[in-house]
Amino acid sequence: HPKKTGPKPNYRRTDAAVREVSRYLFLAPEASPAVVAQKMRQTQFHISLRSVQRIIADYGLQKKTLRP
């Protein structure tokens, strides 16, 4: 059996991980992705900084900059 091709499941970027990233950013909108990743690792989420950055980008969780 050759290895299956195609999209792999998001075993790191689970719904729970996405919810946690959203929650941290809701509670501390000024937190950087590095801070969010660090906080998540402290609560048993094995997630990389890059995964956090991808979640933020994919779900449009970036800080909105206000223009004067």
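**Entry 1: the overall fold.** I counted three helices and zero strands in the protein chain, and I kept in mind that this is a predicted model. Reading along the sequence, I noted the pattern α-α-α.

**Entry 2: burial and surface.** I looked up how much of the chain is tucked away: of its 68 residues, 24% count as buried. The protein chain exposes about 5,700 Å², and carbon and sulfur atoms supply 57% of that area. I also checked contacts between residues at least 6 apart in sequence, and 46% of these join residues at least 24 apart.

**Entry 3: two helices together.** Next I turned to helix H1 (residues 15-27) and helix H3 (residues 49-58), which pack at an angle of about 80°. Their axes are 10 Å apart. Angles of 65 to 115 degrees count as roughly perpendicular, and H1 and H3 are therefore roughly perpendicular to each other. Which residues meet here? From H1 I listed Ala17, Val18, Val21 and Leu25, and from H3 I listed Val52, Ile55 and Ile56. Sorted by class, this contact of H1 with H3 has seven nonpolar residues, no polar ones and no charged ones.

**Entry 4: the core.** I then found that the largest nonpolar core has 13 residues. Those with the most contacts inside it are Val21, Val36, Met40, Ile47 and Val52. H1, helix H2 (33-42) and H3 each supply at least two residues of this core, and the largest share, five residues, comes from H1.

**Entry 5: a look at Met40.** What does methionine 40 touch, leaving out residues up to four places away in sequence? I wrote down Ala17, Glu20, Val21, Tyr24, Phe45, Ile47 and Val52.

Technical notes: Residues numbered from 1 in each chain as written. Predicted model: local features only at pLDDT ≥ 70, side-chain atom pairs only at ≥ 80, totals over all residues. Heavy atoms only, no water. Axes fitted to C-alpha atoms, helices over the stretch in contact; angles between N-to-C directions. Helix = DSSP H or I, 4+ residues; strand = E, 2+ residues; numbered from the N terminus. Parallel < 35°, antiparallel > 145°, perpendicular 65-115°, else oblique. Contact = heavy atoms within 4.5 Å. Nonpolar A, V, L, I, M, F, W, Y, C, P; charged D, E, K, R; others polar. Core = buried A, V, L, I, M, F, W, Y, C linked by side-chain atoms within 4.5 Å. Buried < 20%, exposed > 50% of the residue type's maximum accessible area, 1.4 Å probe, protein only. Areas by Shrake-Rupley, 256 points an atom, 1.4 Å probe, with all protein chains shown as cover.
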